[in-house]
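Visitor: Please take a close look at one part of this model. I would like to hear about the helix packing and the residues that take part in it.

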Amino acid sequence: MLLKVSVGHRLFLLVALQTAIAVLLVTTAMMSLSRIAADTEHMYRSKVLGIADLGHAHRHAAMLQTLTRPDAAKLGYLAPPGSITDLVQELERFQHRYRAQWQTAEGASSDAMRFRRNVQQLGMSDVLEKETGAMKRFEESIRGLREANDDNRSIAATDEIRVHAPNVRYAIGDLLDINVKYAEIANQQVSRHADRSRFVLLAIGLAGTLLTLMMGLLVRRAIAPRIRRLVGKVHRFRDLGLVEQTVDTGDD
């Protein structure tokens, strides 16, 4: 029965199978690369840039703490007029940026919600809780700075700023540590997707190789017996002068 199958049909199936495998490999590779690229972009946009912004905010908080020290003048730190107000305003702007762009625990963007689900699936909800607590402490300290800065000419207001400045710095430091942890999680996520994509591509390649080998053997089984019979008939015609008709019923 197998010998009656058209060789042309088997060759067509072999070429179609190889084409399908190539298309599947290319499609899977493109999808995998697209997902890895999206994860990498999210890690850079939401984590690396966020850490850089946290570093700038930490520097502003440290400068505010230094300028409001009781011995700042003796140490040579003279605050220009309005510099403390500018630092407080910079920290307030950072608060709004962090809420809108960098926060994961309570972020409303699609990237933040997706990453938050990933963190929860990994069983690391405690990191989200730490971020919420650190953000609450930071906002309370910013609120105290804002109220004290409304009357920054009084000694009491300066003392109030001096009290809240270290708290702002510590809260930003906590947020910095948390976002470094987020960056580690995002990097592990990219690595897992790369490993999974590598495994899928390897599985498709192995399966495609086996299927191509099997189809190649079927093509060989369709061609080789026909050639052997033809050679035998030619030898008998040459040696004995016998003319024998080929009885293959395929449509080749």
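Guide: Here is a walk from the overall fold to the packing, and then to single residues.

The model is predicted. The protein chain has 5 helices and 0 strands. Along the sequence the pattern reads α-α-α-α-α. Of its 252 residues, 35% are buried. Take the contacts between residues at least 6 apart in sequence: 80% of them join residues at least 24 apart.

Start with α2 and its contact with α1. The axes of α1 and α2 come within 10 Å and cross at roughly 155°. Angles over 145 degrees count as roughly antiparallel, so that is the relation of α1 to α2. The crossing of α1 past α2 is left-handed. On the α1 side, the residues in contact include Arg 45, Leu 49, Asp 53, Leu 54, Ala 57, His 60, Ala 61, Leu 64 and Leu 67. On the α2 side, they include Ile 84, Leu 87, Val 88, Leu 91, Phe 94, Arg 97, Tyr 98 and Trp 102. By class, the contact of α1 with α2 counts 14 nonpolar, 4 polar and 4 charged residues.

Now turn to α2 and α4. Their axes are 10 Å apart, at an angle of about 150°. The two helices are therefore roughly antiparallel to each other. The crossing of α2 and α4 is left-handed. From α2, the contact takes in Ile 84, Thr 85, Val 88, Leu 91, Glu 92, Phe 94, Gln 95, Tyr 98, Arg 99 and Trp 102. From α4 come Glu 131, Met 135, Phe 138, Glu 139, Ile 142, Leu 145, Arg 146 and Asn 149. The class count for α2 with α4 is 10 nonpolar, 3 polar and 5 charged residues.

Next, the core. In soluble globular proteins, nonpolar side chains tend to be buried together. The largest nonpolar core here has 35 residues. Those with the most contacts inside this core are Leu 64, Leu 91, Phe 138, Leu 145, Val 168 and Ile 172. Two or more residues come from each of α1 (7–67), α2 (83–102), α3 (110–121), α4 (125–149) and α5 (155–240). The most come from α5, with 10 residues.

Phe 138 shows how these pieces join. Beyond its neighbours within four places in sequence, Phe 138 is in contact with Leu 91, Phe 94, Gln 95, Val 168, Ala 171 and Ile 172.

Setting aside neighbours within four places in sequence, Glu 131 is in contact with Tyr 98, Trp 102, Gln 103, Thr 104, Ala 105, Leu 175, Ile 178 and Tyr 182. Glu 131 and Gln 103 are 28 residues apart in sequence, and their C-alpha atoms are 8.1 Å apart.

Tyr 170 lies in helix α5. At 52% relative accessibility, Tyr 170 counts as exposed. Its C-alpha atom is 8.6 Å from that of His 58, across 112 residues of sequence.

Leu 201 is also placed in helix α5. Its relative accessibility is 28%, so Leu 201 counts as partly exposed. Not counting residues up to four places away in sequence, Leu 201 touches Leu 25, Thr 28 and Ala 29. The C-alpha atoms of Leu 201 and Leu 24 are separated by 9.2 Å, though these residues are 177 apart along the chain.

Definitions and conventions:
Residues are numbered from 1 along each chain as its sequence is written. This is a predicted model: local features need pLDDT of at least 70, side-chain atom pairs count only at pLDDT 80 or more; totals for chains, interfaces and linings use all residues. Side-chain values use heavy atoms; hydrogens and water are left out. A nonpolar core is a set of buried Ala, Val, Leu, Ile, Met, Phe, Trp, Tyr and Cys residues joined through side-chain atoms within 4.5 Å. Buried means under 20% relative accessible area, exposed over 50%, partly exposed in between (1.4 Å probe, protein chains only). Helices (H or I, at least four residues) and strands (E, at least two) are DSSP runs, numbered from the N terminus. Contact means heavy atoms within 4.5 Å. Axes are lines fitted to C-alpha atoms, for helices over the stretch in contact, and angles run from 0 to 180 degrees between N-to-C directions. Angles under 35 degrees count as roughly parallel, over 145 as roughly antiparallel, 65 to 115 as roughly perpendicular and the rest as oblique. A crossing is left-handed if the near helix is turned anticlockwise from the far one by less than a right angle, and right-handed if clockwise. Ala, Val, Leu, Ile, Met, Phe, Trp, Tyr, Cys and Pro count as nonpolar, Asp, Glu, Lys and Arg as charged, and the others, Gly among them, as polar.
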